[in-house]
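User: Please take a close look at one part of this model. I would like the helix packing and what surrounds it.

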Amino acid sequence: MSSYRLAEPPLFTRLRPASRVLIAGAGGGFDIYGGLPLAVALQGLGKQVFLASLSFDDLGRTPLEDWLLPGVAAVTPGTVGNDDYFPERTLARWLAETGREPVVHTFPRSGVRPLRDAYRGLVEHLGIDAIVLVDGGTDILLRGDETGLGTPHEDMTSLAAVAELDHLDRMVVSVGFGIDAYHGVCHAHVLENLAALQRRNAFLGALSIPLDSPEGAAYLAAVRHAAAETPSRPSIVHAQIAAALRGEFGNVQTTGRTGDTELFVNPLMAVYLAVDLPALARTVGYLPLLEPTEDACQVVRVLDAHLAARPQPRPFTSFPH
């Protein structure tokens, strides 16, 4: 008998047994916002959902009382931090304003070993039985032999950290297909990688975020709030995803940060692409090289060395139609 049915997205089939789900932004910054529609949907199914993020902010100013565990800060609306850019606190403030639990569990940037320890501690503390890593964009789906890898440093640190956690289900969700073209990603390679995962029954399907839904409404409201709260550094990724969700198309300029770039906003940007996390991790050839890393600088050096030493990458391919 097949494990999945057309009537239920495989992502939700996998999450059906879970009661306590951690949704975590893989790449730092505003990535966690991409998990909000999924969080709202899972809460509607009666599950307890917790939010986490790998932070770009300097958490050195975070008071001792806000540190829940070693390597995990519980960021709330009043947490001390950067006034111009602190996506986790911005999200916590929106959660508070909408009557939701106003906590975003936040990891400082590090190497794989400290981040895995932090995840392990948080999983135990919260009693988590499933983790969904969320990437705004598609570079987490790249395996290292592509022409362009986008900005993989934080994504791959998160992927490697969670891949070795035991006794819980683990998935990756990507939203924002096409956005990473700005960073040189070939999206034909993304589709080729998904096809390879499909052959292993590890591609958990694609599903659109409906505009006329509680999930879509919550996401759009959170993105609007974030843009208002962070006017000097609004999220380029989520500005485009939100525009796509609203049905806008083409060169839609929603922030001054993209004025010199021709955009291609389209409905595929508002589609979740879900994959099995351990299966995805096994496709990334250089991921084992990140295992001993202790800090973010080491991650950068490992990736730079990989790029310098790898054989000829797959050539850039355009869509045939």
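Predicted model: local features only at pLDDT ≥ 70, side-chain atom pairs only at ≥ 80, totals over all residues.

Analyst: Helix 2 itself spans residues 36-44 and is mostly covered, with seven of its nine residues buried. Those buried residues are Leu-36, Pro-37, Leu-38, Ala-39, Val-40, Ala-41 and Leu-42.

Now to helix 7. Helix 7 covers residues 214-229, and helix 8 covers residues 236-245. Their axes come within 10 Å and cross at roughly 140 degrees. Helix 7 and helix 8 are therefore oblique to each other. Their crossing is left-handed. On the helix 7 side, Gly-216, Tyr-219, Leu-220 and Val-223 make the contact. They meet His-238, Ile-241, Ala-242 and Leu-245 of helix 8. Six of the residues in this contact are nonpolar, two are polar and none is charged.

Helix 3, residues 87-97, also packs against helix 7. The two axes come within 10 Å and cross at roughly 125 degrees. That angle makes helix 3 oblique to helix 7. The crossing of helix 3 and helix 7 is right-handed. Helix 3 contributes Thr-90, Arg-93, Trp-94 and Glu-97. Helix 7 contributes Ala-218, Ala-221, Ala-222, His-225, Ala-226 and Glu-229. The residues of this contact divide into five nonpolar, two polar and three charged.

In short, the helix 8 contact has no charged residues, whereas the helix 3 contact has three.

Technical notes:
Residues numbered from 1 in each chain as written. Heavy atoms only, no water. Axes fitted to C-alpha atoms, helices over the stretch in contact; angles between N-to-C directions. Helix = DSSP H or I, 4+ residues; strand = E, 2+ residues; numbered from the N terminus. Parallel < 35°, antiparallel > 145°, perpendicular 65-115°, else oblique. Left-handed = near helix turned anticlockwise from the far one by under 90°. Contact = heavy atoms within 4.5 Å. Nonpolar A, V, L, I, M, F, W, Y, C, P; charged D, E, K, R; others polar. Buried < 20%, exposed > 50% of the residue type's maximum accessible area, 1.4 Å probe, protein only.
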